[in-house]
Amino acid sequence: MEKDLQAIVDEANHLLVSVSNRPEWDNAKALILGPNGKLTQLGKGIGKLTKEERPVFGQKLNHTKKQVENIFKSSLSLIDEKEDLESLGAEIDSSLPPSSNFTGGTHPLTNTRRKIVSIFRKIGFTVAEATEAETEWFCFDALNTPEDHPARDEQDTLFLPRDSKWNNVKQKNDEAYVLRTHTSSVQIRSLINEKPPLRIIAPGRCFRRDTVDATHSANFHQTEGLYVDKNVTLKDLKGVLDFFLKELFGNQVETRLRPSFFPFTEPSFEVDLRAPNIGKLSDQWIEIMGCGMVDPKVLKLVELDPKEWTGFAFGMGIERITMILHGIDDIRHFYNNDLRFLRQFNQSS
Ligand code: PHE
């Protein structure tokens, strides 16, 4: 009987070779799987077997049935496809070039964002997100950025009309809304919503009134980092950033902190790096991000006691990091949607 099962599989395959439309397929199926079909008939023979033989044969029969059903299923999908093409009047033109098998991929900025996030996840940071349309208070005041700071000028920042109903953010009377100029506003939202100890990484979109050129874009991306706990020191900041930059650029990377100024960190630094594996840039120090210890004034503004809590913050441009990693010389490539550029960052292309 086992031989008979294999013979039925062979017969199904054989029959289907010459089947080219649905009625022929139905007939072939009836011959094998129909109520009087060969496989069904063979199944009925189970009654003649001994008690011991029955379960063994039953199992083999089920297996063969599945096998034959699959053979019929794939034959049917070929017939359907052929009939669909015929109904469209389409003929196969074998002189046409093959269609590309490029199924799309992730954008280089997405790749970098994911890399950054996965490195910080390893050391206990979680991802925080907040709104892109932000009140002036979250974007500037709470970050100790005074009214007369140039970032708050109409020339530098995209302000939203005052009557907009951005009701997902806490609105004070007559407060202006801006498209956030940096992700640092997420520091404030996280400190208010979560309370320390806190370790967050906040990737997101930012906006400035910049004239577009090879290194500027009115819309760009940053990643913020914030660590607030008891007894956090500058040594912790340097340790975390060194770890991050080594993971991203390789173990040979050298880093240095250069004194700088940000209204919301004190002291503040620019982080420079030098790495042998970044092409033309490898013999020079390159500025990669801003950072510093959270200014006690910021902690007070979110009602935390600076005697109890200390922290550090850092912020980096995702475009800039991607440009350094891949030797890209013009920021505009990221937004032109030119497949010749984008495909280079995906293995499937
Ligand atoms: N927000 C700063 C910028 O956009 C970067 C920064 C973030 C600096 C956090 C210090 C701490 O330039």
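Helices (H or I, at least four residues) and strands (E, at least two) are taken here as DSSP runs, numbered from the N terminus. The model is predicted, so local features need pLDDT of at least 70 and side-chain atom pairs count only at pLDDT 80 or more, while totals for chains, interfaces and linings use all residues. Residues are numbered from 1 along each chain as its sequence is written, and side-chain values use heavy atoms, with hydrogens and water left out.

A nonpolar core is a set of buried Ala, Val, Leu, Ile, Met, Phe, Trp, Tyr and Cys residues joined through side-chain atoms within 4.5 Å; buried means under 20% relative accessible area, exposed over 50%, and partly exposed in between (1.4 Å probe, protein chains only). The largest such core holds 39 residues, and Phe249 and Phe314 have the most contacts inside it. Among the elements giving two or more residues to this core are helix 5 (108-122), strand 9 (286-294) and helix 10 (318-326). Helix 8 contributes the most, with seven residues. Beyond its neighbours within four places in sequence, Phe249 is in contact (heavy atoms within 4.5 Å) with residues including Leu273, Ile288 and Ile321. A second, separate core of 21 residues includes Phe138 and Leu198.

Ser217 is buried, with a relative accessible area of 9%, and touches Asp210, Val212, Ile331 and Tyr335, not counting residues up to four places away in sequence. Leu85, in helix 4 (residues 53-87), is instead partly exposed, at 32%.
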